[in-house]
Amino acid sequence: MPTTSTPTHCPYCALQCGMALSPLPTGGVEVVERPDFPVNRGALCGKGRTAPAVLSSRVRLTSPLVRSGDSLVPATWEEALDRIAGEFARVRSEHGADALGVFGGGGLTNEKAYTLGKFARVVLGTSQIDYNGRFCMSSAAAAGVKAFGLDRGLPFPLEDIPRTGCVILVGSNLAETMPPALRFFNELRENGGTLIVIDPRRTKTAEQADLHLAPRPGTDLALALGLLHLIVAEGRVDEEYVRERTTGWEDARAAAMAHWPEYVERITGVSVPQLRETVRLFCEPEAAMVLTARGPEQQSKGTDTVGAWINLCLATGRAGRPLSGYGCLTGQGNGQGGREHGQKADQLPGYRKLDDPAARRHVAAVWGVDPDSLPGPGRSAYELLDALGSDVRSLLLMGSNPVVSAPHAAHIEERIKSLEFLAVCDVVLSETAALADVVLPVTQWAEETGTTTSLEGRVLLRRQAITAPEGVRSDLEVLHELAARLGVEKGFPTDPEEVFDELRRASAGGVADYSGITYARLMEESGAGVFWPCPAETETEGQAGAGDRAPAGGDAGAEGGEAGEAGEQVYRRTAVGTPRLFLDQFATEDGRARFVPVSHRPNAEEPDDDYPVLLTTGRVVSQYQSGAQTRRVDELNAAAPGPFVELHPRLAARLGASEGDPLAVVSRRGRAVAPARITTGIRPDTVFMPFHWPGEGRANTLTNPALDPTSRMPEFKVCAVRVEIAG
């Protein structure tokens, strides 16, 4: 790495791959490898390697825009900020504080997410705030809290994966969504371990597996229950572990025994011999893991589905032991940190619950406000978007593009258009920003300093490498200026380190305790980051300190249940925080993990004569999320130029479709058109569409907003459709 390079991290997925930025003689920067960073060891996917392309003034916003008639026209910062503040003040005066909404993003730094939540509750006084991370890993978070008392994507570092005996990977195509992570699984197999991939499609990840199970979409819950039934029937339960480290086994066991193998085969399409082989491969090694991603989580029963996979780990003693456990592969760049510090509808910083009086007192003291002034919990992400134009009249949106990314997207687009006022802070003119009344151009990853938290719970420091173009400001500056215009002149600093120091105080003693993490420490730890919880600035192995005690109490049924401080030591601390959780006990009141009894239930929408096929959605390697940034990179567009409909040859034959023919996919919510991509790597009863594009190929026009009752996750991953040749 050249001495003139600035060490930082990729702006895209939750791996937060290490990279460095080196100045070019012609201006701008180029990406340089950072082989010292342990997660990617210098390797980058195409998105990370080309990330500086979006820094170009050719593709990004460099001036505020305000609406004049049907057009957005350039304006000064003063004009734009005054207009936003004036409209927010008007709407609040006419309709009340909850007529103001705030919608954040899982790509915002911890400092921005923290400040956005504070702005909503202290300046606007609204309860109506949530973020697009609700669409990512909220079901896994809710299930983790129910079982373990705590939600952190991975309770162990990725480096543990090659040393375990077996990994069941459920609903993840990480070979395309986070390619540098694939090496951990390749090393697992090189070391003699086994990889089992569960996915309705034979993805690039499934091609690497020792065993690939292709269940019918939406049946992951039944599959997990059938495996647990076999574990019981074959005498593979770790009875001593269950007795000493868990509660609730008898009810969970009874629920699983109702799902006998032949019944599960009829539901899932996975054969009984495959079920038995999965159990054998998972149970024979001394250590094993289950990792889930959006496949089982983005369902209207996602919390129960993840809970069933956790039950599998608990019954076999594969949790809270070295090289074993359940983990969630968080998706967005700061998907983990973004759900910890207050931009969620029910949450305060440190993963505290908004309806917990002790949590309100603690955070209010840090903020210098009356606890009674803080609003209560608000609507979840989809419910907030669905309320736009009716209960919520005005919206501030940061780092999200729901016109492309929300389920039932055509409906959400209409709700956004019905707002009295919309303000968007973004890097580019996304499809949602194009509908705004005011658009503010804000700094990007390379132009600002801030922290993110990776899927491992590793807190990392992104460092500013270049100066933003003239006319661009940071989100922190935006919130500072709006707060001042709305009568709150103090408490909204623009320096990210000052914000982080306040975040540390606000999180102290909470579940996600960052109080022992400082910018200086993040720079000193060879850039490798610090794992939360980390309540002390200096630590050694096994040292107890503030926050070392097991969080207890809280609402186990709610996502991210809050906790007090009681119990014995729950984490083993090291000089880099807490890389591995639960080795001594779980973060529950009694220190035991909790089995949660669950049973299979159908998808919210099953096929019928009018809609006989199942649709599932996902990502491709060269695009990211709604594509707002990656669709502006020529190299990535050349590799993935547009949407497609993946279908099996048998379905194509019934339709009379050939490769490349335009197909219409129709659900009860709308119609999308894209060319056919015919492959034997998908089930005959299922079609797949990637969701990165707007327009007639927008996959989320079709998806079902049916919500999980606990996590409020929409059912992105399965809905009933019909497929026909586009006329």
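## An enclosed strand

In this predicted model, strand β20 spans residues 458-462, and five of its five residues are buried, so the strand is largely enclosed by the rest of the structure. Burial here means under 20% relative accessible area.

Both faces of β20 are covered. On one side sit Arg-458, Leu-460 and Arg-462, while Val-459 and Leu-461 lie on the other, and all of them are buried.

## Partners of β20

Strand β19 (residues 450-453) runs antiparallel to β20, and four bridges join the two. Across this pairing, Leu-461 in β20 has Thr-451 opposite it. The hairpin of β19 and β20 has four residues between its strands, and in this hairpin Gly-457 adopts a positive phi near 80°.

β20 also pairs with strand β21 (residues 530-531), again in an antiparallel arrangement, through two bridges. Here Arg-458 has Phe-531 of β21 as its bridge partner.

## Space inside the fold

How many cavities of 30 Å³ or more does a search of the whole structure find? There are eight. The second largest cavity holds about 110 Å³ of space. It is lined by 15 residues, and those closest to its centre are Leu-150, Asp-151, Arg-152, Gly-153 and Tyr-326.

Helix α4 (138-148) and strand β13 (325-328) each contribute at least two residues to the lining of this second largest cavity, with α4 giving the largest share, four residues. Sorted by class, the lining has 10 nonpolar, three charged and two polar residues.

Methods. Residues numbered from 1 in each chain as written. Predicted model: local features only at pLDDT ≥ 70, side-chain atom pairs only at ≥ 80, totals over all residues. Heavy atoms only, no water. Buried < 20%, exposed > 50% of the residue type's maximum accessible area, 1.4 Å probe, protein only. Pairing = 2+ DSSP bridges. 1 Å grid on protein atoms, 1.4 Å probe; cavity = no way out; pocket = protein on both sides within 12 Å on 5 of 7 lines; lining within 4 Å. Points joined across faces, edges and corners; volume = space filled by probe spheres on them. Nonpolar A, V, L, I, M, F, W, Y, C, P; charged D, E, K, R; others polar.
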